[in-house]
Amino acid sequence: MLRHDYPQPCFIRKRWAPLNGQWDFEIHDPAFSKEHYLDCKYSKTIEVPFAPGTLLSGVDTPCHVDSVWYKRTINLSARDINGRIHLNFLASSTYTDIYLNGQHIGLHTGGNSPFCIDITNSAIVGPNILIINNYCTSINNHSSINKNCICGLWKSVWLEFSDEATLWGLGTSIHTDGKSVFLHGMILGEIDGHILVTINFNGIDLGSFKYVAQRRFILTIPLKLPIELWQVGNPKIYDFEISLRNKEGIIVDAVKTYFAFRTVRFVGGDLLVSDKKLRIRGINFPSQYTDSGKTAPSLAVIRQDISVAVSLGFNTLMVQGVAEPALRCFADRLGLILIESSIPYDSRMEDRNERKYIVNEWAEIINSSFNSPSIIFRQPLFKYCGDESATNLMYSTTRTSDPARLILSGGGLVYNGVDAIEYTSIDATPENVLQLLLANENGFFKSERQEHAFRKSNPTFATTQTIASKPKLLSAFDCGSVSYRSVSNEYYFIKRFSDIIQAADSANAIGTVYHSLTDTPFKDTGILTMHREMKLSRNAIDSIFKINTTEHKGKTT
C-alpha cells in the first residue's frame with residue numbers, strides 16, 4: 001500500500017481502517033448489465049487511490065473510460081457492527097454508486113469533494129463485499145458531461161468507527177472576551193454521557209473541560225491565556241483532543257484535531273491577515289504527478305515540494321482544484337497561504353439539470369476546508385460560465401456558506417460581488433503586466449457595441465470603475481523556459497522574475513503567483529523537472545528567495 005497515511009490529518013478519529021491498496025477492478029462493458037458486475041468475478045486488480053491509467057494504479061486503460069467497477073472484501077468485528085461505521089472517500093468520479101453485500105447504499109454526485117456514507121445498517125460480522133461503480137456520464141443522460149472527469153477512485157478511501165454515537169461537524173469561533181472559544185458540533189446517535197475537551201497550545205496544557213453531551217452543542221471553553229491569532233510565517237495552532245464518553249466514563253468516540261483563529265480583510269487596497277499586511281508571493285503547486293496523475297504518490301513528495309517552495313521564499317501555494325487535506329494541514333502548521341484555484345465547472349453550469357449538483361458539491365468543498373486558517377480566498381468559478389443566474393448562484397452560495405473569507409474572481413468576466421480580481425499573464429513581460437493590471441478591463445470584447453449589449457443583459461458584472469477599485473492578484477506568470485543548471489539562462493530568469501514582480505508591485509497588486517513549481521508535459525517553466533530534480537543553482541535559489549522576501553516599493557502608477 002503506497003498511501004497508508006491517515007487521509008484527514010486535520011481531523012483524526014481514534015478508530016479507523018485504511019481501504020487503500022489492491023482492489024479487484026473491471027472496466028464497464030455496455031454489453032453487460034449493472035447486475036452482472038454485482039455478481040461476476042473481476043479480471044484485473046488496481047492500486048487505490050491512484051486513478052486508472054496512471055502507472056501506480058497498475059491498470060492501463062483506453063484514453064477515455066466512462067464507467068469502472070471496484071470490489072473488495074472488508075472484515076468487520078462484532079464491536080464494529082454494534083457501533084457506527086462510516087465509509088469515507090476523499091474524491092472519486094463525478095458519480096459514485098456504492099453497494100454493500102448486494103444492497104445499494106448510496107449515490108454521490110461530485111468528482112472533487114470528500115464525502116462519507118453510513119454503512120452501519122448494511123454491514124455484517126465477518127467478510128463484507130464492497131462494490132463501487134464510478135462513472136462520468138450524466139445521470140440525466142445529457143451531453144454536458146464533465147469532460148475533466150477522472151473515472152475511478154483517485155483519492156484515499158477508509159473506514160471510521162465509533163460505538164453507539166459519533167462526534168460530527170466540529171468548529172470553533174472566538175468569544176468576544178478574547179479569552180474564550182466556542183466549540184460547536186453535533187452527535188450522531190443517542191448517548192447519556194459527557195464530552196471531554198483537552199487543549200494544548202505550543203506545548204502549554206490549557207486544561208481539560210467537561211460538558212454534558214447533547215445532540216447539538218455549543219460549548220464555551222475558557223482559556224488560561226489571551227487568544228493568539230494565526231499569522232503568515234507565525235502560525236498559532238490550538239490542538240484539541242475531544243472524546244465522547246458514556247455515563248460509565250468509557251470512550252465512545254474520540255478525535256484529535258486543531259483550530260486556529262485569524263482575520264482577513266482589505267484596508268485601503270492592502271491585504272491584512274490578522275491585521276498584518278501581506279504581499280502574496282505565490283507559486284502554483286503541482287496538481288499532476290508523473291506516475292500517479294492528480295494524486296500525490298506519498299506524503300514525502302508533498303513535504304519535499306513544500307520545502308522547495310519555502311526555500312525560494314514563497315509564502316503562498318496555489319493549487320488547481322481542491323487541495324489534499326495533508327497539504328492543507330502542512331500549510332496551516334507552517335503558516336503558509338493556500339489558494340484553491342477553481343475547479344473548471346464553467347461549461348457544465350450552463351446545463352440547469354447539472355447546476356444543482358455542482359452547487360451542492362461546491363458547498364461540500366467549502367465545508368471540508370472551513371476550519372483551515374491557511375485558506376483566505378474562495379474562487380467559485382474559473383471563468384464566466386455563460387449564464388448570469390448560474391454565476392450569481394455560485395457567488396451567493398460562496399458568500400453565504402463562508403462569509404469569513406474573501407472571494408477571488410476567476411479569469412474572464414468579473415462579477416460585482418468579488419473582493420479581489422485574479423489576472424493571469426503567461427509569457428509575461430514587465431510591460432504587459434503593467435498594462436494588464438492597470439487597464440481595469442472586464443472581459444475581452446471586440447467592440448464597445450458588443451460590450452454594451454452584454455452589460456445590458458448582465459447587469460451584475462463589474463464596470464471599469466468598480467474594477468479599478470478592486471485589489472488585483474497577478475497569477476500564472478512565467479519567465480520563459482528554465483534550462484537545467486544553465487548560468488546564462490539563470491541570469492535571464494532571475495532578472496525577468498525580479499522585473500515582473502516589481503512591475504506588479506508598482507501597479508499596487510496584492511501579490512504574484514509564479515507559473516509552476518514543476519515542469520508540466522506542456523511547459524518547461526518549472527523550478528523543478530517533472531521528476532523533482534532542481535534546475536537552479538544554490539546562488540539562483542538564494543536570489544529568488546531575496547526577491548520574494550523583499551518589499552518592492554514601486555511607485556503608484
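## Around Leu-327

Which residues does Leu-327 touch, not counting residues up to four places away in sequence? Leaving those neighbours out, Leu-327 touches Phe-285, Ile-302, Ile-306, Leu-317, Val-319 and Leu-338. Keep in mind as you look around that this is a predicted model.

## The nonpolar cores

Leu-327 also turns up in the largest nonpolar core, which has 57 residues. Together with Leu-317, Phe-477, Phe-493, Phe-497 and Tyr-514, Leu-327 touches the most other members of that core. Several elements give two or more residues to this core: helices H3 (299-311), H4 (325-334), H7 (430-439), H10 (487-506) and H11 (538-548), plus strands E23 (316-320), E27 (421-424) and E28 (472-477). H10 supplies the largest share, with seven residues.

## Two helix pairs

Let's start with H3 and H4. Their axes are 10 Å apart and the helices pack at an angle of about 40°, which means that H3 is oblique to H4. The crossing of this pair is right-handed. On the H3 side you'll find Leu-299, Ile-302, Arg-303 and Ile-306, and they meet Ala-326, Leu-327, Phe-330 and Leu-334 of H4. Sorted by kind, the residues of this contact come out as seven nonpolar, no polar and one charged.

Now for H5 (residues 352-368) and H6 (residues 388-401). The axes of H5 and H6 come within 10 Å and cross at roughly 20°, so H5 is roughly parallel to H6. H5 passes H6 in a right-handed crossing. From H5, the residues Arg-352, Arg-355, Ile-358, Val-359, Trp-362 and Ile-366 take part. They meet Ser-389, Ala-390, Leu-393, Met-394, Thr-397, Thr-398 and Ser-401 in H6. The residues of the contact of H5 with H6 split into seven nonpolar, four polar and two charged.

Asn-548 sits in helix H11. Is Asn-548 buried or exposed? Its relative accessible area is 6%, so Asn-548 is buried. Setting aside neighbours within four places in sequence, Asn-548 is in contact with Arg-281, Leu-312, Gly-313, Phe-314, Phe-497 and Ile-501. One of these, Phe-497, was named above among the core residues that touch the most other members.

Arg-216 belongs to strand E16 (residues 216-222). Its relative accessibility is 63%, so Arg-216 counts as exposed. Arg-216 touches Gly-185 and Met-186, again not counting residues up to four places away in sequence. Ile-187 is 29 residues from Arg-216 in sequence, and their C-alpha atoms are 6.4 Å apart in space.

Most peptide bonds are trans, and most residues other than glycine have a negative phi. A few spots here go the other way. The peptide bond from Val-48 to Pro-49 is cis, with omega near 25°. Pro-49 lies in the loop between strand E4 (44-48) and strand E5 (67-76).

Then there's Asp-275, which has a positive phi near 65° without being a glycine. Asp-275 is in the loop between strand E20 (270-273) and strand E21 (276-277), and with a relative accessible area of 47% it is partly exposed. Asn-508 has a positive phi too, near 65°. Asn-508 is in the loop between H10 and strand E29 (511-514). At 41% relative accessibility, Asn-508 is partly exposed.

Methods:
Residues are numbered from 1 along each chain as its sequence is written. This is a predicted model: local features need pLDDT of at least 70, side-chain atom pairs count only at pLDDT 80 or more; totals for chains, interfaces and linings use all residues. Side-chain values use heavy atoms; hydrogens and water are left out. A nonpolar core is a set of buried Ala, Val, Leu, Ile, Met, Phe, Trp, Tyr and Cys residues joined through side-chain atoms within 4.5 Å. Buried means under 20% relative accessible area, exposed over 50%, partly exposed in between (1.4 Å probe, protein chains only). Helices (H or I, at least four residues) and strands (E, at least two) are DSSP runs, numbered from the N terminus. Contact means heavy atoms within 4.5 Å. Axes are lines fitted to C-alpha atoms, for helices over the stretch in contact, and angles run from 0 to 180 degrees between N-to-C directions. Angles under 35 degrees count as roughly parallel, over 145 as roughly antiparallel, 65 to 115 as roughly perpendicular and the rest as oblique. A crossing is left-handed if the near helix is turned anticlockwise from the far one by less than a right angle, and right-handed if clockwise. Ala, Val, Leu, Ile, Met, Phe, Trp, Tyr, Cys and Pro count as nonpolar, Asp, Glu, Lys and Arg as charged, and the others, Gly among them, as polar.
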